[in-house]
Amino acid sequence: MMTACEDLAVLLEEYLDGSATPAQARRVEEHLDVCPSCRSEIESEERLRHAFSALERPPLPCELAERILAKTVGTAPRAAAPRLLRSLPVGARRARSGRPLAGLAAAAAVAVLALGVWLGPRLVERASARWSPPAPTRSTLAEGSSETAGCAEIARLQARAGLTLAARIVLRTETTTLVGVLGRDIPRAVSSSIQKTARSSEGGEG
Amino acid sequence: MLSDMMVDQEFRAILRVQGDRVYGYALHFLRNHQDAEDVTQEVFVRLWQQCGVQDERGRVAWLLRVTHNLCVDLIRRRQAHERRIAALNRETGSPAGAAGPPPDDAIVKLAASEGAAGLEVALQEMPASMRSLLLWHYHEGLTYPEIGRIVGAKGSTIKVRVFRARQMLRRLLDARMAQPRAAGERA
């Protein structure tokens, strides 16, 4: 059976921190009125806290701060790529509802589409640099369609290259992101959806 | 993806907010300016290389844990060096005490009062683990759960450890008060 002193020793810290409830504080004070031992204990604790508070708090020297920045800022931090994922709360990373993933997938899709729109024409430019429109012949001139056909072909290649590239990046991003987040627990519906997208993108009609 | 500029700004902000805490803890632990600066620099270089921990509370725990570990490593190396010097002195017949503690002017005095001065000395006589618990709780104002995050223990466990550390500190302080003051006291 605990003595009153042992019982109240548990409350001592809360009492000194000011976090004890009014009822607890009253109990402690009533006990201190009649117990010199506990009174001595609490006074000793207060002196200790005062001594710790008297320890100085030296500021970080300016020269040291500058040395630290010289060795850090401006140099490439390692593992910069996973930083975005690390900033997500742990719960969101493990969520199975898919809602937190929707935001990530949407952001990835926007980035991929932008990349596809930017990169697609450049790939086609390279391709078209190797492709030269057929020399106009009497018959094509007569048909009046050689330049038009060439332009249409370039446009078609451009659209196809952009869409194919975007689809491949989406597929790879989706798969990597979902596997990285959900591990093996990718819902069947999601993995089927990815596979369907893959089939249509690989065999896309121009 | 965060831009380099945002990473730089975030790191500068962390250094500005937590730099004093890291440096101050290292200085109280090591009581040597140069060592404390070396430890502080290493802590923030490591933070930069790891891109930090995003959660604020986790970041404070990480910073103090790394600072503490580096301080302990430094003390061990210092003690090992002193032992080697002492052994060398014995072999060569050099006068004893040549490998003693650093001179007084190299020891940082961090007390603003006489009571705090006695506290400093007593803290240095304690095991590093107990010293750090008391500094974290009483000087840094960390709660038991927050300290638990640093050392990987429950808050209730930390409460017991702090209680024991406090009891040891009181015994050391009482013993010092009972002794007559001596010149050149060991730091």
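1. Let's start where the charges cluster: Glu41(A), Glu45(A), Arg49(A), Arg166(B) and Arg170(B) are tied together in a network of salt bridges. Keep in mind while you look that this is a predicted model. Across the whole structure and over all chains, a search turns up 11 salt bridges. The general idea is simple enough: side chains of opposite charge can pair when their charged atoms come close.

2. Glu42(B) forms a salt bridge with Arg46(B), and the closest N and O atoms are 2.8 Å apart. Helix H2 of chain B (residues 33–50) holds both partners, four residues apart, or about one turn of the helix. As for cover, Glu42(B) counts as partly exposed because its relative accessibility is 31%. Arg46(B) comes out at 34%, so that residue counts as partly exposed as well.

3. Next, go to helix H3 of chain B, residues 56–92, where you'll find Arg76(B) and Asp73(B) three residues apart, about one turn of the helix. They make a salt bridge in which the closest N and O atoms are 3.9 Å apart; the cut-off is 4 Å, so the pair counts. Why is Arg76(B) called exposed? Its relative accessible area is 54%, and anything over 50% is classed as exposed. Asp73(B), with a relative accessible area of 33%, is partly exposed.

4. Back in helix H2 of chain B, check Gln41(B). This residue is buried, with a relative accessible area of 16%, because the limit for buried is under 20%. Which residues does Gln41(B) touch, leaving aside those up to four places away in sequence? They are Leu64(A), Arg67(A), Ile68(A) and Lys71(A). With Arg67(A) there is also a polar contact between the side chains, at 3.4 Å.

5. Now the greasy part. The largest nonpolar core has 60 residues. The ones with the most contacts inside it are Phe52(A), Phe44(B), Leu123(B), Leu134(B) and Leu169(B). Take Leu169(B) as your way in: not counting residues up to four places away in sequence, it touches Leu48(A) and Phe52(A) from chain A.

6. Finally, a few words on chain B as a whole. How many helices and strands does chain B have? The count is seven helices and zero strands, so the pattern read along the sequence is α-α-α-α-α-α-α. Of its 187 residues, 44% count as buried. Looking at contacts in chain B with a separation of 6 or more, 66% come from residues 24 or more positions apart. Chain B exposes about 10000 Å², with carbon and sulfur atoms supplying 53% of that area.

Conventions
Residues numbered from 1 in each chain as written. Chains lettered and ligands numbered in written order. Predicted model: local features only at pLDDT ≥ 70, side-chain atom pairs only at ≥ 80, totals over all residues. Heavy atoms only, no water. Salt bridge = Lys/Arg side-chain N within 4 Å of Asp/Glu carboxyl O. Helix = DSSP H or I, 4+ residues; strand = E, 2+ residues; numbered from the N terminus. Buried < 20%, exposed > 50% of the residue type's maximum accessible area, 1.4 Å probe, protein only. Polar contact = N/O pair within 3.5 Å; in protein donor to acceptor, adjacent residues only side chain to side chain. Contact = heavy atoms within 4.5 Å. Areas by Shrake-Rupley, 256 points an atom, 1.4 Å probe, with all protein chains shown as cover. Core = buried A, V, L, I, M, F, W, Y, C linked by side-chain atoms within 4.5 Å.
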